[in-house]
Amino acid sequence: MPIAGGTATQLTTGMAYDAQPRFSPDGKLVVFTSDRDGGDNVWTIDIATKATKKITKGKTARYRSPEWTPDGLYIVASRAAAPIGPSKPWMYHKDGGNGVQLVRDPAPLNGANPLSLLGAAFGKDDRYIWFAQRFGAWEYNAGFPQYTLVTLDRQTGRRETRANLLGGAIRPALSPDGKYLAYGSRFEAQTGIRVRNLESTDEHWLAFPVQRDEQESVSSLDALPGYSFTPDSRALIMSYGGKIWRVPVDGSAHTQIPFRVHTQVELGPKLAF
């Protein structure tokens, strides 16, 4: 749909659960997750031809928050070997292949919970990948913070903590000009989006509250819905309350982006087990 609002163009159809879309840097492809082949996988669709390509393999893993590398050649997604289990970041070529795991658990673990990393994000310097990191996949009676923000140095393999709040730190997004970091956190019982000026380190709430996060759960579609900076780095485009919003970084009023969707929703037979 146009950035100013209007009627949405439907890209996929059918009963599959298609989610977590991201445009490629050149705007020609969209990466997304789907169960259209009987299991959760990462797919791409060509905007012009509507041709789809299956990127990952198998039917028992779960994939979260796929994101393009800035050169548009690779896709980074968090892969859990089982629906309820820790997620590790993997990188796949846009044409498919076996992929490569980017982060592994330290050995030996000595009884510690395994690492889980979600929500890959790139900034102006593609040497670093930002993630939200936690120990384990989920926790009963969860104590906070559950997630911290970390960066992975693609040259050295070193990870460094970038944000660690009592309310957690999830779903990082970087502005194209390299000046701003946005991420989700919780204050008391509500979730909001914080923004940090990476040059001055000044930080404040940008949108609060938005919608409930999923930090305590297994976060099957990440802990918050995805959002992105506009190309001019002046605003975030995000959804909450069933609407789409333009949220200026300078703190001025949020603007609702109106949209219409004309679609047909397919229903299948009742399944009894």
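## Surroundings of Ser 219

In this predicted model, Ser 219 is in contact with Arg 64, Leu 118, Arg 134, Tyr 147 and Glu 214, once its neighbours within four places in sequence are left aside. The residue lies in the loop between S17 and S18, and because its relative accessible area is 0%, Ser 219 counts as buried.

The loop that holds Ser 219 also carries Asp 222, which is placed between strand S17 (203–207) and strand S18 (228–229). What does the side chain of Asp 222 meet in a salt bridge? Its partner is Arg 171, with an N to O distance of 3.6 Å. This pair links distant parts of the chain, since Arg 171 sits in strand S14 (residues 170–174), 51 residues away from Asp 222. Both Arg 171 and Asp 222 are buried.

## Other salt bridges

A search of the whole structure finds 14 salt bridges. One of them is formed by Arg 127 and Asp 153, whose closest N and O atoms are 2.8 Å apart. Here too the pair links distant parts of the chain: Arg 127 belongs to the loop between strand S10 (115–122) and strand S11 (128–135), while Asp 153 belongs to strand S12 (residues 148–153), and the two are 26 residues apart.

At 25% relative accessibility, Glu 216 counts as partly exposed. Salt bridges that share partners join Arg 186, Arg 212, Asp 213 and Glu 216 into one network.

## Phe 187 and its contacts

Phe 187 is found in strand S15 (residues 180–187). Its relative accessible area is 45%, so Phe 187 is partly exposed. If residues up to four places away in sequence are not counted, Phe 187 touches Trp 205 and Phe 208. For Phe 187 and Gly 168, which are 19 residues apart along the chain, the C-alpha atoms are separated by 9.1 Å.

## The chain as a whole

The secondary structure of the protein chain comes to zero helices and 22 strands. Along the principal axes, the C-alpha trace spans about 50 × 45 × 40 Å. The radius of gyration is 18 Å, which agrees with the value near 19 Å that a compact globule of 273 residues would have. Of the 273 residues, 42% count as buried, and among the contacts with a separation of 6 or more, 39% are made by residues 24 or more positions apart.

The protein chain exposes about 14,500 Å², and carbon and sulfur atoms supply 52% of this area.

Methods:
Residues are numbered from 1 along each chain as its sequence is written. This is a predicted model: local features need pLDDT of at least 70, side-chain atom pairs count only at pLDDT 80 or more; totals for chains, interfaces and linings use all residues. Side-chain values use heavy atoms; hydrogens and water are left out. A salt bridge is a side-chain nitrogen of Lys or Arg within 4 Å of a carboxyl oxygen of Asp or Glu. Helices (H or I, at least four residues) and strands (E, at least two) are DSSP runs, numbered from the N terminus. Buried means under 20% relative accessible area, exposed over 50%, partly exposed in between (1.4 Å probe, protein chains only). The radius of gyration is taken over C-alpha atoms; the globule rule is 2.2 Å times the number of residues to the power 0.38. Contact means heavy atoms within 4.5 Å. Accessible areas come from the Shrake-Rupley method with a 1.4 Å probe; for residues, only the protein chains shown count as cover.
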